[in-house]
Amino acid sequence: NGTLNPQPGSGNQGGFLGASGPERFQPINAPGIHLGTDLLDKVQKGFVLSVNPLNGHINWVYMVDKDPRTATKIEDLFVDVNGNIHVIGEFNGAGIIFGTDLIGGHGNWDVFLFNIDQSGTYTQGNAAVWGTIGDDLGTSVDGWYDPLIGRTSVFATGHVSHIEVTYSTIF
């Protein structure tokens with residue numbers, strides 16, 4: 001878990017040129033990015049990456065939970081007025097790790113919501129998980145900045161597969 005910062009000469013500084021199909025990126029100027037060698041079970045892993053708009057190079061990559069036993073998917077994100085990136089998705093595993101924060105799962109697929117700053121760094125204590133004993137889905141996240149209190153209210157949508165929802169937070 002964490003941010004990968006591509007270094008010059010590492011082969012990781014290429015950008016992405018459009019989509020070559022649904023949810024498929026086509027790398028340019030580099031063979032690709034390396035997200036870790038511990039993905040031996042070939043489970044899917046969600047990630048957020050920042051691309052420099054001037055040169056197309058990758059600034060950073062934040063990978064959600066590099067534990068090879070936990071599958072993760074990212075569904076949506078939004079950037080608030082302070083540059084914080086709020087991310088929603090799902091995971092399938094006993095728990096999910098953000099930084100050193102471990103939050104237990106509640107069933108099969110559970111929903112996560114976390115935020116990272118504009119440099120791709122997770123701040124401890126900024127994540128939540130909810131779910132049921134079945135498969136749950138987080139579909140979108142958005143926010144509204146209230147200038148009176150100087151904070152962004154975050155809203156998430158999705159669905160749960162069971163009537164009893166368990167919620168865990170470390171915000």
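In what order do the elements of the protein run from the N terminus on?

1. Overall make-up. The elements run β-β-β-β-β-β-β-β-β-β-β-β-β-β from the N terminus on, and the protein has 0 helices and 14 strands, where helices (H or I, at least four residues) and strands (E, at least two) are DSSP runs numbered from the N terminus. This is a predicted model, in which local features need pLDDT of at least 70 and side-chain atom pairs count only at pLDDT 80 or more, while totals for chains, interfaces and linings use all residues. Residues are numbered from 1 along each chain as its sequence is written, and side-chain values use heavy atoms, with hydrogens and water left out.

2. Of the 171 residues in the protein, 37% are buried, that is, under 20% relative accessible area with a 1.4 Å probe and protein chains only. Among contacts (heavy atoms within 4.5 Å) with a separation of 6 or more, 56% are between residues 24 or more positions apart.

3. Nonpolar cores. A nonpolar core is a set of buried Ala, Val, Leu, Ile, Met, Phe, Trp, Tyr and Cys residues joined through side-chain atoms within 4.5 Å. The largest has 16 residues, of which Tyr62, Ile96, Phe98, Phe112, Phe114 and Ile116 touch the most other members; β5 (58–63), β7 (85–92), β8 (95–98), β10 and β11 each give two or more residues to this core. A second, separate core of 7 residues includes Phe78, Ile88, Ala128 and Val141.

4. Ile116 and Tyr167. Leaving aside neighbours within four places in sequence, Ile116 is in contact with Val48, Trp60, Tyr62, Asn84, Ile85, Thr121 and Tyr122. With that same exclusion, Tyr167 is in contact with Ala128, Val129 and Trp130. Tyr167 is found in strand β14 (residues 166–169), and its C-alpha atom is separated by 10.0 Å from that of Phe112, 55 residues away along the chain.

5. Strand β12 (residues 137–146) pairs with β13 in the antiparallel sense over 9 bridges, pairing being assigned if DSSP finds at least two bridges between two strands. Ser140 has Thr157 of β13 as its bridge partner. The hairpin has 4 residues between its strands, and Gly150 in the turn has a positive phi of about 70°.

6. Second largest pocket. Its lining consists of 17 residues, with Asp80, Asn84, His86, Asn115 and Arg151 nearest the centre; β10 (109–116), β11 (122–131) and β13 (151–159) are the elements that give two or more residues to this lining.

Methods:
1 Å grid on protein atoms, 1.4 Å probe; cavity = no way out; pocket = protein on both sides within 12 Å on 5 of 7 lines; lining within 4 Å. Buried < 20%, exposed > 50% of the residue type's maximum accessible area, 1.4 Å probe, protein only.
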